[in-house]
Amino acid sequence: MKISKLSSLIFIFFFMLLSCQGKGMAKTGLQKTNAFAKKGCEINTTAEDSVIFKRMIHYASGSGLSISETVNRVAGFFLETPYVASTLEAGDHEQLVINLREMDCTTFVEYVAASVICLKTGNTRFSDFAEKLTKLRYRNGKIDGYSSRLHYFTEWLHNKGEKGFVNIISNQIGSKKLNVNVNFMSANPHHYKQLKSDSIIGKIKLVEREISSLNMNYISVSEIESNEKMIENGDIIAFVTNIKGLDVSHVGFAVKVKGRLHLLHASLKEGKIAVTKVPLSQYLLTNKKVDGIMVARIISNNL
């Protein structure tokens, strides 16, 4: 099916500039293992990822640290890690991918969040990490095909908010209502190799319909600076986009630099995990595809 030039440009913009949801073909080098088959979870990873995880645990461990301090330590460990999109598309069927050698913005947030849970609960085996990551990445914490992955970040936030894992701060301090008809995936199945059948597309449509009905607030770009004091180190920041059919185009973590709010994120422009060189309010001023931000704070060790 042919698509219009405008649709093509929108998709290229979304994928090249703000690619965060793991779509397309993954790089080679991941090895399959059935180490978690007894738990009903096939994992796709390498020995190097396990080594990186152990190094991170050693680096980020510390007694008496708050959750936000632990978030910053873990996220800081991954600074300079290469940005690579689409690492989750690593096979013909849905499986748990763990790739700590390279990541995009969403996988970065998920890896940090899962690591924080491991550190705060004292369950620091690689198998514990895989278990927590599964609960973060998939609806109801269960891998049940491609549609079971939480592809849209507003659903990810809402799901974690309902479970008490995060407090969606922007719902309290944001003055703008999120009003979006989420349908990008079902409207563009030709961009997703997994959306081959009407049944899978149908499942995605049902999810999109539910997401479109969510009642959530966000902070407009013009209001970010005045709300900086309400946002803490380690808070999850999600960019609300006006690209048709999409809800969120980029995610990362809040970090204060000289008292100002910056973003620690997997940056396509930088090609690595980095901190924005200017405050977030300034960083977004020229980005016409972003209307504002949603903010969530990790408040619990449980999912």
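Good morning. I begin with Glu80, which is exposed, with a relative accessible area of 51%. Since residues count as exposed over 50%, Glu80 at 51% falls in that class. Please keep in mind that the structure shown here is a predicted model.

Where does Glu80 sit? Glu80 is found in the loop between α3, residues 67-77, and β3, residues 96-97. Its backbone also deserves a remark: Glu80 is not a glycine, and yet its phi is positive, about 80°.

Asn140 lies in the loop between α5, residues 126-137, and α6, residues 153-162. Asn140 is a residue other than glycine, and its phi is positive, near 65°. Is Asn140 buried or exposed? With 64% relative accessibility, Asn140 counts as exposed.

Let me now step back to the protein as a whole. The chain has 303 residues, and buried residues make up 55% of them. Its secondary structure comes to 10 helices and 11 strands. Turning to contacts, consider those with a separation of 6 or more: residues 24 or more positions apart account for 68% of these. As for the surface, the protein exposes about 13700 Å², and carbon and sulfur atoms supply 51% of that area.

The largest nonpolar core holds 73 residues. Which of its residues touch the most other members? They are Phe78, Ile98, Phe108 and Phe129. Helix α4, residues 105-121, gives this core its largest share, namely 11 residues. Apart from this core lies another one, of 16 residues, which includes Ile169, Ala254, Leu263 and Leu280.

Leaving aside residues up to four places away in sequence, Phe108 touches Ala75, Phe78, Met103, Phe253, Leu264, His265, Ala266 and Ile273. Phe78, one of these partners, is also named among the residues that touch the most other core members.

Finally, I turn to a polar residue, Asn44. Asn44 belongs to strand β2, residues 43-45. Its relative accessible area is 1%, so Asn44 is buried. What joins the side chains of Asn44 and Gln95? The link between these two side chains is a polar contact of 3.1 Å.

Asn44 is placed in a strand, and Asn140 in a loop. Thank you for your attention.

Conventions. Residues numbered from 1 in each chain as written. Predicted model: local features only at pLDDT ≥ 70, side-chain atom pairs only at ≥ 80, totals over all residues. Heavy atoms only, no water. Helix = DSSP H or I, 4+ residues; strand = E, 2+ residues; numbered from the N terminus. Buried < 20%, exposed > 50% of the residue type's maximum accessible area, 1.4 Å probe, protein only. Polar contact = N/O pair within 3.5 Å; in protein donor to acceptor, adjacent residues only side chain to side chain. Core = buried A, V, L, I, M, F, W, Y, C linked by side-chain atoms within 4.5 Å. Contact = heavy atoms within 4.5 Å. Areas by Shrake-Rupley, 256 points an atom, 1.4 Å probe, with all protein chains shown as cover.
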